[in-house]
Amino acid sequence: MIIAWKLFFVFFKIGLLSIGGGYAVISLIQEQVVENTGWISEKMFTDIITLSQMTPGPLAVNTSTFVGLQIGGFTGALAATIGCILCGIIISLALYDFFQSHRTSDHITEILNGLKSASLGLIISAAFTIILLALYGNSRPVSFSSLLMFQRAPLFIFVIMLFLLRKRKTNPLIILLISGFAGLVFYS
């Protein structure tokens with residue numbers, strides 16, 4: 001039961017600080033559950049992100065549910081999910097009320113433009129995290145000398161799937177199935 005409370009508070013903090021949506025919060029979740037607490041490995045985190053993207057629902061909520069399930073079973077999943085969404089619900093209701101009463105203010109418009117820029121930066125950070133995890137096996141920046149020492153299989157799979165998706169207009173479900181099979185072949 002103690003782990004459920006810990007999961008709730010960690011994901012409550014993530015929910016409180018996650019401005020910009022699911023992709024923007026990936027690096028924050030990774031920092032908390034991989035680096036700070038050591039609850040899961042980077043490989044497990046990558047697998048959880050992959051599953052979270054394939055299942056219906058918001059990425060941050062799916063990720064919190066899968067992390068909670070991995071660490072604390074059903075109770076952990078419930079605690080992490082509630083922790084993740086509770087702040088968003090409270091803040092959304094408060095912001096709705098605030099913006100309704102200040103909808104014509106130029107200052108509020110400028111603040112929102114600043115938040116959009118911050119969200120873009122968080123999304124770019126998440127993209128780099130995913131690229132580093134896929135190509136180098138960890139999310140820490142690689143040195144210049146080891147820049148060309150990346151795993152070729154993920155890049156190969158990505159290029160082929162991108163080609164099939166963009167040029168051949170292959171159904172995304174087929175892309176997921178082929179990618180999953182390629183993952184089994186290259187990583188098992």
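**Before starting**

This is a predicted model, in which local features need pLDDT of at least 70 and side-chain atom pairs count only at pLDDT 80 or more, while totals for chains, interfaces and linings use all residues. Residues are numbered from 1 along each chain as its sequence is written, and side-chain values use heavy atoms, with hydrogens and water left out.

**Stop 1: the whole chain**

Display the chain as a cartoon. The chain holds seven helices and zero strands; helices (H or I, at least four residues) and strands (E, at least two) are DSSP runs, numbered from the N terminus. Read from the N terminus, the order of elements is α-α-α-α-α-α-α. Along the principal axes, the C-alpha atoms fill a box of roughly 55 × 45 × 40 Å.

Next, colour the chain by accessibility. Of its 188 residues, 29% are buried; buried means under 20% relative accessible area, exposed over 50%, and partly exposed in between, with a 1.4 Å probe and protein chains only. A contact requires heavy atoms within 4.5 Å. Among contacts in the chain with a separation of 6 or more, 50% join residues 24 or more positions apart.

**Stop 2: the largest nonpolar core**

Select Phe11, Ile14, Ile29, Val33, Ile40 and Phe45. Within the largest nonpolar core, which has 21 residues, these six touch the most other members. A nonpolar core is a set of buried Ala, Val, Leu, Ile, Met, Phe, Trp, Tyr and Cys residues joined through side-chain atoms within 4.5 Å. At least two residues of this core come from each of helix 1 (2–17), helix 2 (22–36), helix 3 (42–54), helix 4 (59–101) and helix 5 (106–136). Which helix gives the most to this core? Helix 2 does, with six residues.

Now centre the view on Phe11. Neighbours within four places in sequence aside, Phe11 contacts Ile29, Val33, Ser64, Val67, Ala80, Gly83 and Cys84.

**Stop 3: helix 1 against helix 4**

Show helix 1 and helix 4 together. Their axes are 7 Å apart, and the two helices pack at an angle of about 40 degrees. Axes are lines fitted to C-alpha atoms, for helices over the stretch in contact, and angles run from 0 to 180 degrees between N-to-C directions. Helix 1 and helix 4 are therefore oblique to each other; angles under 35 degrees count as roughly parallel, over 145 as roughly antiparallel, 65 to 115 as roughly perpendicular and the rest as oblique. The crossing of helix 1 and helix 4 is right-handed: a crossing is left-handed if the near helix is turned anticlockwise from the far one by less than a right angle, and right-handed if clockwise. Their contact comprises 16 nonpolar, seven polar and no charged residues. In these classes, Ala, Val, Leu, Ile, Met, Phe, Trp, Tyr, Cys and Pro count as nonpolar, Asp, Glu, Lys and Arg as charged, and the others, Gly among them, as polar.

**Stop 4: helix 3 against helix 4**

To see the contact, select residues including Phe45, Ile48 and Leu51 in helix 3 and Leu59, Phe66 and Val67 in helix 4. By class, the contact has eight nonpolar, five polar and no charged residues.

**Stop 5: two residues of helix 4**

Select Thr81, which is found in helix 4. Is Thr81 buried or exposed? Its relative accessibility is 16%, so Thr81 counts as buried. Leaving aside neighbours within four places in sequence, Thr81 is in contact with Val61, Ser64 and Thr65.

Then select Phe98, also placed in helix 4. Phe98 is partly exposed, with a relative accessible area of 34%.

**Stop 6: helix 6 and helix 7**

Finally, turn to helix 6 and helix 7. Their axes come within 11 Å and cross at roughly 160 degrees, and the two helices are therefore roughly antiparallel to each other. The loop between helix 6 (152–166) and helix 7 (172–187) contains Lys169. Lys169 is not a glycine, yet has a positive phi of about 55 degrees. Most residues other than glycine have a negative phi. At 65% relative accessibility, Lys169 counts as exposed.
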